[in-house]
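Subject: Structure handover

Hi,

Here is the structure I promised to pass on to you. Have a look at it first, and then read on for what turned up in it.

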Amino acid sequence: MKNLNAAEFGVIPGHEVTQQLAQLFDIAAKNKYEKIVFSPGTYYINSEKCRKYMLYITNTVGDDEFDNNEVPHFNEVPFYLNEMKNLEIEGNNSIFIIEGKVTNFAVENCENVVIRNIEIRHAHPDMHELKVVNKSLFSVDFEIDKDSQYSFENGKLYFYGTGYKCAADCCAANAHWIGLIRDETPDKIKRVSHPLFAALRTKDLGDRKIRVYYANTAKFKLNDRFYLFDVRRQYAGIFINKSKNITVDSFKQRFNYSLAFVAQDSENISLINSYFSPEENSARKMASIADFMQICMCRGKIFVSNCVFDGAGDDCLNVHGIHFKIVNAFKNKITVRFMHPQSHGFNPLHTGDEIAFINPKTMLQEATAKILKSTLLNETDIQLVIDKSLKNHQKYVIENINACPDVNFENNFITRIITRGLLLTTRGKVCINNNYFKSTTMSGILLSDDAKSWYESGMCLDVSIENNKFEYCGETPIRIKPENKIHSAPVHKNIKITGNDFMNYKGFCVTAKSTDNLVVSSNKYCNNKHIKTVNCSNVHIN
């Protein structure tokens with residue numbers, strides 16, 4: 001094996017290594033090294049010295065969310081791998097501390113890559129905790145977390161760090177995404193309004209404390225922890241694009257600006273033995289601005305095993321395709337469009353793929369065709385030449401049948417998830433086994449499918465949910481809910497829910513609509529409300 005020792009090229013523990021790191025990967029790519037080895041220790045990265053790359057990352061910031069002085073989708077990336085094959089990166093449990101906002105890792109056009117034994121941390125991240133340490137009828141005292149840098153100017157609190165400075169009450173009137181953890185439910189995080197909304201004035205008390213005056217303080221409780229952050233999904237933790245056979249093993253990611261792990265238009269992706277969670281004794285209880293994992297338009301197998309997911313600003317795992325709207329058709333040439341502003345700029349519709357024509361009202365497949373040619377026209381439109389002529393094109397959206405991976409999600413621990421645990425919409429074989437869902441504000445598992453909001457496809461045809469624990473789910477622990485307006489036939493099929501333990505939930509433990517061949521058996525329930533179905537057929541309950 002042709003090894004490359006990072007220390008020999010200036011990537012030395014205890015030092016700032018931003019530029020040396022970029023040069024290291026240049027050398028590895030040029031000389032086709034098979035293994036890069038880092039010495040154990042702590043390294044430092046400065047975002048302002050990182051190279052920048054144009055990255056269109058699915059389910060992240062839309063074009064209209066960028067400021068006038070920003071170049072849309074231009075990402076600082078310290079670890080950038082492009083067109084590399086048969087490569088192993090051995091971190092030897094090294095720690096990389098990043099100052100500023102970046103996409104931590106980007107892997108594009110790569111094949112057979114293993115990344116292992118690396119920990120990513122961020123210094124002074126743009127996520128800030130305000131903890132209630134005292135309250136009266138008309139005032140609340142907050143303590144600011146030890147990691148945040150702040151200033152108090154003209155009666156207003158500001159947070160700052162490399163690449164940002166913002167008022168603590170920024171967007172307070174409209175901010176509905178703020179995280180709240182209450183003292184009596186330390187494993188539960190939910191979305192609430194901004195704690196500084198309706199504040200009358202603010203006073204600096206010194207020693208990392210502020211006093212905020214209100215007309216009424218009834219909504220606050222002692223030891224409440226509020227998490228303030230920039231909700232824009234401008235970056236990612238790990239981004240995998242147009243790549244095949246990528247494994248991330250024993251990786252610790254303590255914070256990221258947006259989605260923690262994104263794979264799009266890729267094949268065979270594994271995440272094993274990893275932690276997406278704050279470091280021990282962290283000032284924060286959240287590790288991700290948005291989802292922990294987002295798998296979009298991928299193929300082959302998605303394997304997630306023996307991981308800990310703790311503190312996400314959105315779902316733990318979302319596996320989906322994209323429903324493209326047909327905006328123009330002439331004979332066998334059609335133009336399809338990305339419909340959600342946070343997904344565009346890449347082409348996952350390949351020559352030779354089979355596409356399905358889906359009625360968005362029923363969410364049912366009415367015809368199929370094969371792609372003969374595929375061309376990305378601009379950021380939102382793709383032109384397809386297919387093997388048949390199409391009539392009534394305005395009636396349909398399309399789904400790529402070949403971009404529907406199998407999913408294995410097993411032996412994982414999920415806690416403090418602000419929305420759902422798993423959101424799944426894929427035709428592939430799905431196995432969800434031996435996981436512990438501890439406190440999701442919404443459902444533990446949602447099987448969806450929509451063509452009107454996020455446009456995330458598609459129907460689920462083979463799902464096994466076995467031997468999992470669901471504790472303190474804020475909504476129905478397992479919810480099967482395709483977003484069809486009209487029920488003319490089942491959308492989801494062949495769902496098996498067996499051997500699960502539903503704890504501390506008062507409502508129905510399983511709800512389903514428009515589903516065929518649903519088996520619910522040998523589960524342990526915490527109440528007498530087991531399952532509720534609407535427009536389902538062949539339901540087997542034991």
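Let me begin with charge: the chain carries 65 positive and 61 negative side chains, and the centres of the two sets lie 5 Å apart. Lys and Arg count as positive here and Asp and Glu as negative, while His and the chain ends are left out of the count. Each charge is placed at NZ of Lys, CZ of Arg, CG of Asp or CD of Glu.

A word on the ground rules. This is a predicted model, in which local features need pLDDT of at least 70 and side-chain atom pairs count only at pLDDT 80 or more, while totals for chains, interfaces and linings use all residues. Residues are numbered from 1 along each chain as its sequence is written, and side-chain values use heavy atoms, with hydrogens and water left out.

**Overall build**

The chain has 1 helix and 50 strands; these are DSSP runs numbered from the N terminus, with helices being H or I of at least four residues and strands E of at least two. Its radius of gyration is 24 Å, close to the 24 Å that the globule rule gives for 542 residues, so the chain is as compact as a globular protein of that length. That radius is taken over C-alpha atoms, and the rule is 2.2 Å times the number of residues to the power 0.38. Along its principal axes, the C-alpha trace spans about 70 × 65 × 45 Å.

Of the 542 residues, 56% are buried (buried is under 20% relative accessible area, exposed is over 50%, and partly exposed is in between, with a 1.4 Å probe and protein chains only). The accessible surface comes to about 21400 Å², and 45% of it belongs to carbon and sulfur atoms; areas are from the Shrake-Rupley method with a 1.4 Å probe, and for residues only the protein chains shown count as cover. Among contacts with a separation of 6 or more, 69% are between residues 24 or more positions apart, where a contact means heavy atoms within 4.5 Å.

**Aromatic rings**

A search of the whole structure gives 25 aromatic pairs. Rings of Phe, Tyr and Trp (its six-membered ring) pair if their centres lie within 6.5 Å, and planes under 30 degrees apart count as stacked, over 60 as edge-to-face and the rest as tilted.

One of these pairs is Phe25 with Phe79, which is edge-to-face at 6.1 Å centre to centre, with 70 degrees between the planes. Phe25 sits in helix α1 (residues 18–31) and Phe79 in strand β6 (residues 79–82), so this pair ties together parts that are 54 residues apart in sequence. Phe25 is buried at 4% relative accessibility, and Phe79 is buried at 0%.

Phe276 and Phe292 make a tilted pair, 6.1 Å centre to centre and with 45 degrees between the planes. Phe276 and Phe292 are both buried.

Phe25 and Phe79 also belong to one aromatic cluster with Phe38, Tyr43, Phe96, Phe105 and Phe251.

Ser94 lies in strand β7 (residues 85–99) and has a relative accessible area of 0%, so it counts as buried. Leaving out residues up to four places away in sequence, Ser94 touches Phe38, Ser39, Gly41, Tyr43, Asn117, Ile118 and Glu119.

Thr103 is in the loop between β7 and β8 (105–108), and it too is buried, at 0% relative accessibility.

Glu399 is in strand β34 (residues 397–400) and is buried at 1% relative accessibility. Beyond four places in sequence, it touches residues including Glu354, Arg427, Ser457 and Gly458.

**Backbone points to check by eye**

Most residues other than glycine have a negative phi, and most peptide bonds are trans. Against that background, here are the exceptions I picked out.

- The peptide bond from Ser457 to Gly458 is cis, with omega near 5 degrees, and Gly458 is in the loop between β41 (456–457) and β42 (463–466).
- Asp207 has a positive phi near 55 degrees; it lies in the loop between β17 (201–206) and β18 (209–213) and is exposed at 65% relative accessibility.
- Ser258 has a positive phi of about 130 degrees; it lies in strand β22 (residues 258–264) and is buried at 0% relative accessible area.

Best wishes
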